[in-house]
Amino acid sequence: MSEQLFKVTIDNITVEVPAGTTILNAARKIGGEVAPPAMCYYSKLQGSGGKCRTCLVEVAKGSEKDPRPMPKLVASCRTTVMDGMEVKNITSDRVLDARAGVVEFLLLNHPLDCPICDQAGECHLQDLSYEHGKVGTRYEFQRRTFKKHDLGKYIQLHMTRCILCYRCVFTADQLTQKREHGVLDRGDHAEIATHIEKSLENDFIGNVIDVCPVGALTDKTFRFKNRVWFTKPVDAHRNCDKCCGEVQLWMRGDEVFRVTARKDEWGEIKDASNGKTGWICNDCRFEKKKASDWVIDGPSKVSRHSVISQGHYEKLVKPKETVVDVMNGSQPHLFLDIHDVSEVNKPTVTLSALDRPAHSTDFGNQ
Amino acid sequence: MGVKLLLEKAHVEGIRYYDVYRREGGYRSVEKALKQMSPEAIVEEVKKSGLRGRGGAGFPTGLKWSFIAKPEGVPRHLVCNADESEPGTFKDRYLMEFLPHLLIEGLIVSSFALGSNATYIYIRGEYAWIPDILEQAIEEAKANGWLGKNILGTGFDCEIYVQRGAGAYICGEETALIESLEGKRGNPRIKPPFPAIEGLWRRPTVVNNVETLAAVVPIINLGGEEYAKIGVGKSTGTKLISACGNINKPGVYEIDMTISVEEFIYSDEYCGGIPNGKRLKACIPGGSSVPILPANLLLKTAKGETRYMNYESLADGGFASGSMMGSGGFIVLDEDQCIVKNTYTLARFYRHESCGQCSPCREGTGWMEKLLKKIDSGKGTSADIDLLWDIQRKIEGNTICPLGDAAAWPVAAAIRHFRDEFEWHVSNPQLCLTQNYGLAHYADPIHVPAV
């Protein structure tokens, strides 16, 4: 196709993109809040997208030729732009309402075990629910659980956390010689699994960890070792005969805790210096856990909006005024003075005087 | 007695077999179409007939056929959707079981019109005995020169294959059906591209319902204009209705879309009224996914006009006070039926049949089922009813395929029209376990019909 440029207006910002671009990619070109969130779309994976419905947008004007609006909200990751199209994302109440609904649906059966989840801090679902979700849940039934599957020594599967984005299925299909896992069953009991208990062993299968937007597929060699926000991301490379060898090391001191591919601002794997997608092999990811295995390029900049990028925010404006200024000169009122000794635990009981663990009777009998 | 086009010969002894079918005038349309008409002329004839898809959506068939892309050197396919899984619908089963040659005849003509040399019948797995009937009919047709190479010396080749599904409702959605036919997991595809451009094996494909393809036979025999004279307005021709529920004579009826709903339920020619002298409470007029209507809105539209059994009249009033013709699964509920339980049963079906691909449908259908079960078992609160309404609102229109809508509409309509019954369940948690709400005021202005 010739390099025909289409003008598309998203949230009143006009951008020119080549014909065949999706609304989502046009919005990403503008960047910032205008880009709809995407949980299942992955630009490096063919055929991904359309499933999670978080990127729904309203098309207020179809095109210059056919200005009729589209009746339904459309998945921006799978809808291509037309010349003169007008799209409403965050300026449409309908979109925000539907998106809040989708976030609620995604969190319905999600266990919210973030405190023990290795993905916490770099989880797309966390970001999504902070930005588009509601405070509470209206779901009062038991969340669904699954029979556990062992995927081998490298990859840990937590099916309860899965949002069925199919990214890992596409990755295995397009990156490895033979896909060994897929989606079994249907509806709300659909699950990612290998058909007969089998471990996933393939030189590039580790990449499913990188594409997983939630903590469903995590690195077993990093499991419970550290929290991502305590580790520092560092760009590094090595000569690898299987992959590009360009990775991100997650270090604490001299210790390499985790190796991942390098990610861009949308949380997707960046292109390597050879121009191809920077997928990395299992060797680099799981076996090279010493700083001496790598040539360190320098600290990597994380521009994604999650916990790991704290302190890395670009264009951050610090407020100039102090709390006292904001409150018109009055001192902030402390709700709880931590210097007060609470009476709840009966400070009169000297616990060190007991020769055994304290029991409720020790407090009650006073 | 209304006009009958499809089921005219259904009661002839041995019509299932080729000899009798041919003697009764079968395969005339193939002779006419292949020898006297061009494929374009057949499409034009179907367009003129005003035939609308009989599978549920009611999209004009001729128009659908004219969309099919015709790139050079790429084969095209016709797929017959016999995955009839909508609760309350069993018209295609009847057609395939008793008149298999009618479908084969329609398929040959349609294949010729669309240029499909390999045509598929995708039949639901539960219809375990029907593939044998169809395959026997195909064998007979082949033995007599209606199928295979160079049919009737016209140089047109056509083969028909029967493929069994594994019993998933979602495989009745055309793109999921195509995926399943290709041997993949039956997940609906994201449209566009539409099957007319990129369908089965990425080739241009048309997917049509069994009844639609069978209706091509009378269209060719009579001519499109003659066919269009039957019926009323944009509802042309005849429609098979599979009536079930609380009626005296459940079964498959062919109607010419001019009779009123009241006549259909109460006349002896059709459903024969409601048994045991019970009164009509509600009706789902077009298969489980269409909105349920209370008796007063079923027989008369909101404007007070008589409601007829056709596409326009049943949809009169939109979803606020109307419903849809759907696939023709006519489910009648009498005063002893509980709407909450009925809605729960439907919600359970949709939860079970959701493919799990997109989040609103996967999570929402399960949530609705759990809430309805809670209300049905007398543990619900009035906040649950509002929540249910909110959930269906967030599913509808936000999913990949129409299953999300199909799951949301029955719940929405039940709450819209029968909210007092839901509230009664909430306020009478003990009573609702042993007793039904019965008829409410919405059913009161019912007169005893004179038919």
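Analyst: Two residues are in contact if their C-beta atoms, placed from the backbone, lie within 7 Å. By that rule, residues 24 or more positions apart make up 61% of the contacts in chain A with a separation of 6 or more. This is a predicted model, where local features need pLDDT of at least 70 and side-chain atom pairs pLDDT 80 or more, while totals for chains, interfaces and linings use all residues. Residues are numbered from 1 along each chain as its sequence is written, and chains are lettered from A and ligands numbered from 1 in the order written.

User: What makes up the secondary structure of chain A?

Analyst: Chain A has 8 helices and 13 strands. Helices (H or I, at least four residues) and strands (E, at least two) are DSSP runs, numbered from the N terminus. The C-alpha trace of chain A spans about 85 × 60 × 45 Å along its principal axes.

User: Why is A:D127 called partly exposed rather than buried or exposed?

Analyst: Count the C-beta atoms within 10 Å of its own: 20 or more others make a residue buried, 12 or fewer exposed, and anything in between partly exposed. A:D127 has 18 C-beta neighbours inside 10 Å, so it counts as partly exposed. A:D127 sits in helix 3 of chain A. Its C-alpha atom is 47 Å from that of A:L354, a residue 227 positions away along the chain. For chain A as a whole, 39% of the 366 residues count as buried.

User: Which residues of helix 1 of chain A are buried?

Analyst: Helix 1 of chain A covers residues 23–30, and A:I23, A:L24, A:A26, A:A27 and A:R28 are buried there. These buried residues pack against strand 1 (5–10), strand 2 (13–18), strand 3 (56–61) and strand 5 (85–88) of chain A. After helix 1 of chain A comes A:G31, with a positive phi near 85°.

User: What are the domains of chain A?

Analyst: Domain bounds come from an automatic or database domain assignment. For chain A, the assignment gives domain 1 (5–103), domain 2 (114–137 + 144–222) and domain 3 (232–309). The centres of domain 2 and domain 3 of chain A, taken over C-alpha atoms, are 20 Å apart.

User: How do you know that domain 2 of chain A is in contact with domain 3 of chain A?

Analyst: 16 residues of domain 2 of chain A are in contact with 16 residues of domain 3 of chain A. On the domain 2 side, helix 3 (124–132) and helix 5 (207–211) of chain A are the elements that give two or more residues. Helix 3 of chain A gives the most, with 3 residues. By class, that side of domain 2 of chain A has 5 nonpolar, 6 polar and 5 charged residues. Here Ala, Val, Leu, Ile, Met, Phe, Trp, Tyr, Cys and Pro count as nonpolar, Asp, Glu, Lys and Arg as charged, and the others, Gly among them, as polar.

User: How many residues does the contact take from chain A and from chain B?

Analyst: Chain A supplies 25 residues and chain B 24 residues. Helix 2 (residues 93–108) of chain A gives the largest share of the chain A side, 6 residues. The chain A side that touches chain B holds 14 nonpolar, 4 polar and 7 charged residues.

User: What are the domains of chain B?

Analyst: Chain B divides into domain 1 (18–229), domain 2 (235–328) and domain 3 (339–441). The centres of domain 1 and domain 3 of chain B, taken over C-alpha atoms, are 36 Å apart. Their contact takes 10 residues from domain 1 of chain B and 8 residues from domain 3 of chain B. The side of domain 1 of chain B that touches domain 3 of chain B has 7 nonpolar, 2 polar and 1 charged residues.

User: Why do the buried residues of helix 7 of chain B line one face of the helix?

Analyst: Helix 7 of chain B (residues 130–143) has B:I130, B:L134, B:A137, B:I138, B:E140 and B:A141 as its buried residues. Seen down the axis, they fall within an arc of 165°, so they line one face of the helix. On the other side of helix 7 of chain B, B:D132, B:E139 and B:A143 are exposed. The buried residues of helix 7 of chain B pack against helix 1 (18–23), helix 5 (91–98), helix 6 (100–114), strand 2 (116–123) and strand 4 (156–164) of chain B. Next after helix 7 of chain B is B:G145, whose phi is positive, near 85°.

Note on methods
Arc of directions from axis to C-beta.
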